[in-house]
Amino acid sequence: MSRCPGMYCGRTILDSGNLSDCGACPRGFRSNSSSICELCKDNPIFYDWLYLGFIVITVCVLHLFCIDTTVRKKGVVLHMCALLETVAAAILTVLVVDPVGEFSVRSCHTHHLSDWYTLFHNPSPQYEKTLHCTQEAVYPLYTMVFMFYAIAVSLMLLIRPWVAGHFLPISGKLSIYAAMYFFPLLSLIHAAFGGLIYYSFPYIIIILSVISNAAHYALELDQSMSALVWVTFTTSNIVTVLVHWALNAYGIVSITQLTEPLTHSLLILLVPTPTIFYIVTARFTDPKKLHAD
């Protein structure tokens, strides 16, 4: 029996015991070295969980950002509501994937970037008829994200209107409208660039957190070192600073995956570096001290 052409085509075992023609493996299966579709029985690796965590963090941060920009007072209630919605959606997503009802996931390991884009690897034997073998080779990382978005939107529409109507009947609904825009956008981005994000998210999260940290301090009118240090530890800013530090730590853990626990754990001590660097160097970038020749 010859192997199937292409990287992802395989044969399934029929009820009669015979093998089917080469084609796409069923969902939750992947072709082995003999082109037989085998049931995926792997568990997600640490990096996979970090990637899924990045998806959850992204939704949570966008919720909080939309609430901050649309609600002027008593926003903490909606902040807590958004956090609970996102965490509940993440837990429910894990429970509804196979094995259903268990806090575990059966998966296929990701080996190459092409595993995310099997649509572009359908073979054409002898340049004749194309053999369609498009499938979820990264099961269930691709569809799991869409499921999370769907559950998160459903929970938001069930819970947020009641909370907003009770505490913030006028401005609270604006945060719901904002989320109805970014969820479809996130879905489109995942559909097109899911594989690229999977391999680059640690660097994305570090870069964005550093930029956001700089933007946060740049909004302060007084850019002197003493003023910036004082602002850092005020009640209204310490939470924002700690969130930036947590995101930096998450990015470092994602890059290193703590393969060398002692060495890589020490790298987390570098988390405050962007904040310290900005505070120390802000006085050198004051536009008032720049003189045109």
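Student: Before we start, what does "accessible area" mean here, and how is it computed?

Tutor: Accessible areas come from the Shrake-Rupley method with a 1.4 Å probe. Keep in mind that we are looking at a predicted model. For this protein the accessible surface comes to about 17000 Å², and 69% of that belongs to carbon and sulfur atoms.

Student: Okay. How many helices and strands does the protein have?

Tutor: Eight helices and two strands. Follow the chain from the N terminus and the order is β-β-α-α-α-α-α-α-α-α. The radius of gyration is 24 Å, well over the 19 Å that the globule rule gives for 293 residues, so the protein is more spread out than a compact globule. Along the principal axes, the C-alpha atoms fill a box of roughly 75 × 55 × 40 Å.

Student: What share of the residues counts as buried?

Tutor: A residue is called buried when its relative accessible area is under 20%, exposed when over 50%, and partly exposed in between. Here 41% of the 293 residues count as buried.

Student: And how do I read contacts along the chain?

Tutor: Look at how far apart the partners sit in sequence. Of the contacts with a separation of 6 or more, 67% are between residues 24 or more positions apart.

Student: Which residues does Asn122 touch?

Tutor: Leaving out residues up to four places away in sequence, Asn122 touches Thr130, Leu131, His132, Cys133 and Thr134. Two of these are worth a zoom. The Asn122 side chain reaches the backbone nitrogen of Cys133 at 2.8 Å, and a polar contact of 3.2 Å joins the side chains of Asn122 and Thr134.

Student: Now a helix residue, please. What does Leu92 touch?

Tutor: Leu92 sits in helix α2. Not counting residues up to four places away in sequence, Leu92 touches Ile151 and Leu155. Its relative accessibility is 37%, so Leu92 counts as partly exposed.

Student: Which phi value does Ser35 have?

Tutor: Near 65 degrees, a positive value in a residue other than glycine. Ser35 is in the loop between β1 (29-31) and β2 (37-39). With a relative accessible area of 1%, Ser35 is buried.

Student: And where is Leu258 found?

Tutor: In the loop between α6 (235-256) and α7 (261-267). Phi of Leu258 is near 55 degrees, again a positive value in a residue other than glycine. Leu258 counts as partly exposed, at 31% relative accessibility.

Student: Last one: how many charged side chains are there?

Tutor: The protein has 15 positive and 17 negative side chains. The centres of the two sets lie 8 Å apart.

Note on methods
Residues numbered from 1 in each chain as written. Predicted model: local features only at pLDDT ≥ 70, side-chain atom pairs only at ≥ 80, totals over all residues. Heavy atoms only, no water. Helix = DSSP H or I, 4+ residues; strand = E, 2+ residues; numbered from the N terminus. Rg over C-alpha atoms; globule rule 2.2 N^0.38 Å. Buried < 20%, exposed > 50% of the residue type's maximum accessible area, 1.4 Å probe, protein only. Contact = heavy atoms within 4.5 Å. Lys, Arg positive; Asp, Glu negative; His and termini not counted. Charge placed at Lys NZ, Arg CZ, Asp CG, Glu CD. Polar contact = N/O pair within 3.5 Å; in protein donor to acceptor, adjacent residues only side chain to side chain.
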